[in-house]
Amino acid sequence: MMKSVFITGKRKKGQMEIMGLVIIVILITLGLLFMAIFAFKDETQKKVFTRKGLASSTMSALLKATTSSEEGCVQRFIGEANLPKLGEDVLEDCALYFAEYKVGDAVLASGFSQYRCQGVHSCDFFKRKTDELLQNTLGMWGKHYEYRSDFIDRFGTTELLVIKDTAGRGCPGERDASGVYPIQVKFAGLVESQLYVCD
Amino acid sequence: MMIMNNKKAQVQMTETIAILFIFFILVGLGISFYAKYRVVALDDQREELLQARAVRTTLKALFLPEILCSRGSAEPEENCVDVLKAKNFQKVLGEYSNDYYFEMFSYANISLFGIYPLSEKIVIYENPKLDHENTEKTYFIVTLRDETAGVSGVPAYGYGYMIVEVYS
């Protein structure tokens, strides 16, 4: 009789200790759950909206922008008609005369092109201007970016320009794309441009 | 035997008190942690509400017919602001700022900045809240159309951005 009471008491004590352990485990799990909620919190609606809208609006504004008359982008042979647009005219010209700009691995800013904005090849001018504009906006707001332009013709795809933020990081991971902006190149092919923006 | 039992009971009592003490410490920690979490969550919620208002105000400003690039009955150009309209918007604003535009933008500052080819600043709407707790700025890149700067009747397009600042 005495032995059975002793055993029951020991068992009860053991059960109590297990209960205590269970409570501690539950409390620790709850704590970890809270930490996980904090750690994996979704990006705010505003951040997503701003980034998604930024990529496409930047591309649209960049390619539509007309060059200043002070740049001296007079088109050889044809003369000055309208102020050339960065996208439609300068980038198109860059694609047409890309062979004069990049010879092997060398880059020739003085190479031939119809537009001679700031006295340089249209590819060089476009690259410099795009870099400057993106740096003064997206770069200043702490965004990373990567701009790409490819020329597509019947022989295949040629990489025209790649412009990254000053840190040179670009957007290798999670990013928002502007979508492809195609520009027809007279009797030659198509230039496809895209901008990626990331935090 | 009795003394032995008493000692055992005392030990058990001390053990129970220690366990209860630790338990209450854990509960106390949990409560304080939860209270802090609620405060942070409330701040986050307030911040999210302000951000949502910033998004709404930015969209309203971007699609404001008074400054949007339009051409007759054709579809208006997206993310494009007509510089001439924007510059003259202040006159319209002066007449209706107390009711119509305040209902639309509330306490906010909306400005346009031209970067290329011309750098300039155009204030669209200015109504700051003096005793504000928090502000939220939204930047958006826009095309700036200028009918007066083009050649041969073709308007010039510029690269710029819009800053919308809302207050809470």
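This is a predicted model: local features need pLDDT of at least 70, side-chain atom pairs count only at pLDDT 80 or more; totals for chains, interfaces and linings use all residues.
Local features need pLDDT of at least 70 and side-chain atom pairs count only at pLDDT 80 or more, whereas totals for chains, interfaces and linings use all residues. Residues are numbered from 1 along each chain as its sequence is written, and side-chain values use heavy atoms, with hydrogens and water left out.

The contact (heavy atoms within 4.5 Å) takes 37 residues from chain B and 38 residues from chain A. The area buried between the two chains, that is, the accessible area (1.4 Å probe) lost on putting them together, summed over both, is about 3300 Å², of which carbon and sulfur atoms give 70%. Y116(B), I141(B) and Y159(B) supply 22% of the area that chain B buries against chain A, more than any other three residues.

Across this interface the rule finds 1 salt bridge (a side-chain nitrogen of Lys or Arg within 4 Å of a carboxyl oxygen of Asp or Glu), and the side chains of E77(B) and K64(A) meet in a salt bridge at 3.0 Å, N to O. Helix 1 of chain B, where helices are DSSP runs of H or I with at least four residues, gives the most to the side of chain B that touches chain A, with 14 residues.

The largest pocket is lined by 16 residues, of which M16(A), E17(A), G20(A), I19(B) and L20(B) lie nearest its centre. Helix 1 (2-39) of chain A and helix 1 of chain B are the elements that give two or more residues to this lining.

Definitions and conventions: Chains are lettered from A and ligands numbered from 1 in the order in which they are written. On a 1 Å grid over the protein atoms alone, a cavity is a set of points where a 1.4 Å probe fits but cannot get out, and a pocket is an open set with protein on both sides within 12 Å along at least five of seven lines; lining residues have an atom within 4 Å of a point.
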